[in-house]
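Subject: Structure handover

Hello,

Here is the structure for you to take over. Please look through it first; my notes on what was found follow below.

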Amino acid sequence: MNWQQWFDMGGYGAYVWSSYALTAIILLWNLITPIFRRREVLRKIQNWYRQEDRLS
Amino acid sequence: MTPRQRRMAWVTLIVIGVSVATFLALAAFQKNLLYFYTPSQIAAGEAPTGYSFRVGGLVENGSVHRDPDSLAVRFTLTDGAARVTVFYDGILPDLFREGQGIIAIGQLQPDGLFKANQVLAKHDENYMPPEVADALKKTGRMPSVDEFKWSTP
Amino acid sequence: MWAFLHKLASPKHFYRITGRWIPWLWVITLLFMVPGLYLGLWVAPPDYQQGDSFRIMYVHVPAAWMSLFIYVFMAVTGGIGLIWNMKMADIMAASSAPIGASFTFLALVTGAIWGKPMWGTWWVWDARLTSELILLFLYLGYIALQAAIEEPRTAARAAAILAIVGSVNIPIIHYSVEWWNTLHQGPTVTRMDKPAIHPSMLWPLLLMAAAFQVYFFTVLLMRARTELLWRERRARWVREMFGNSTRTPFSNTEKVVT
């Protein structure tokens, strides 16, 4: 089996590869959103601590 | 009862209640959830006339006649007990072939011909390489179509 | 064992212990996924009926299984939070919802992409497809309900009840192909009477399913840890970990860490 045949997937290349591409997008989305959310939360709570420190 | 036990009782009650309600609703709507009618049901006059419905069955071997000048095709669907002739003018799915499970959507004509405006292929749950399929067919151990329970509701 | 689980239920220990797990969970995910993809996309032979299009199965089926598993997980952890007032269970339930919704969406779309060449249609309203679509709406309803209620305890309680009530849909999805005439075919792997799938095609499926399972717990822990920090921002241990100042937090922001 050569690469050309492999990408062609017996004529179903568009269907197979679009499914796998969407899967990759979903898996990456599930990985990236918690990372960004974590940054946001850390920024928020650090601001919050700073404010409290100033008030005291 | 402690508050915790009370909460547990509530949750159990909700689950049982909703399950029973859902079961009753599904049992009542059983007929409407049937995705297709079988040729036997059509033969028994259970299928509606005058409006669109679906019929499911196997494409009978040797029954497919294609019009050489257009996409039109005529074939017979069977569930083993009865058969219905289907006429269709359009693009067939890749899996369409003799012996394949098919669902046709359309109307039953007064003369008994089923005029389809869409044909869908229903594939089975078996997956194997072509060589294995050939070997199974040769030894006669290929799971035969009547083992797929969908043909009888 | 119980002592360990008990420790995990405490926010501080949960945060510390799971932080050490995450890199290893990624390694395990890849150990399942890389051979799964290699066997599924390269080694496994084309199907006798569907040709190479059946390879969509290796993402569609694990995604569909996960959509059901995560919902059950969400209902069970939600129920635990509801009955035993356990904060960690609430956080787990809330954190699993968006992941479950994304897997449900993935199962629906890859199913449509597979259905177009094989069945001849992107979508039909048969019992299997419709009940899976309802599952997506249940997830979205759960997320919306969580977001609509400000107070975390009330939100967790309301959402848990929704999750528990919605869980009647799970057996309906699973058995839909057996109870009713559907366009979707019957179960392949859970059929016990005879092998419905050749081993060379089954192995990649099992590997991908395992990869998705471990992946779920990995991203779940990532989400849950962040959510935990946010909800516990008043606790001393969070402040000690992330506060910039060296002075001790004042007494009214302190909270007993249990």
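To start with the contacts between chains, 28 residues of chain A are in contact with 33 residues of chain C, where contact means that the C-beta atoms of two residues, placed from the backbone, lie within 7 Å. On the side of chain C that touches chain A, at least two residues each come from helix 3 (57–84), helix 4 (87–118), helix 8 and helix 9 (236–242) of chain C. Helix 4 of chain C gives the largest share of that side, with 9 residues. Helices are DSSP runs of H or I with at least four residues, strands are runs of E with at least two, and both are numbered from the N terminus.

Before going further, note that this is a predicted model, in which local features need pLDDT of at least 70, side-chain atom pairs count only at pLDDT 80 or more, and totals for chains, interfaces and linings use all residues. Residues are numbered from 1 along each chain as its sequence is written, while chains are lettered from A and ligands numbered from 1 in the order in which they are written.

Chain A itself has 2 helices and 0 strands. Its radius of gyration is 23 Å, whereas a compact globule of 56 residues would have one near 10 Å (taken over C-alpha atoms, with the globule rule being 2.2 Å times the number of residues to the power 0.38). Along the principal axes, the C-alpha atoms of chain A fill a box of roughly 70 × 15 × 10 Å. Of the 56 residues in chain A, 18% are buried; a residue is buried if 20 or more other C-beta atoms lie within 10 Å of its own, exposed if 12 or fewer, and partly exposed in between.

Chains A and B are not joined by any contact, and their closest C-alpha atoms lie 11 Å apart. There are 2 pairs of chains in contact, and chains B and C share the most contacts.

Chain B contains 4 helices and 6 strands, in the order α-α-α-β-β-β-β-β-β-α along the sequence. Buried residues are 25% of its 153 residues. Among contacts in chain B with a separation of 6 or more, 49% are between residues 24 or more positions apart.

The contact between chains B and C involves 34 residues from chain B and 35 residues from chain C. On the side of chain B that touches chain C, two or more residues come from each of helix 1 (3–28), strand 6 (114–122) and helix 4 (130–139) of chain B. Helix 1 of chain B supplies the largest share of that side, 9 residues.

One residue in helix 1 of chain B is B:Ile14. Which residues does B:Ile14 touch, not counting those up to four places away in sequence? They are C:Ile161, C:Ile164 and C:Val165. B:Ile14 counts as partly exposed because it has 13 C-beta neighbours inside 10 Å.

Within chain C, helix 2 (residues 11–43) and helix 8 (residues 199–231) pack with their axes 7 Å apart, at an angle of about 155° (axes are lines fitted to C-alpha atoms, for helices over the stretch in contact, and angles run from 0 to 180 degrees between N-to-C directions). Helix 2 of chain C is therefore roughly antiparallel to helix 8 of chain C, a term for angles over 145 degrees.

Regards

Methods. Angles under 35 degrees count as roughly parallel, over 145 as roughly antiparallel, 65 to 115 as roughly perpendicular and the rest as oblique.
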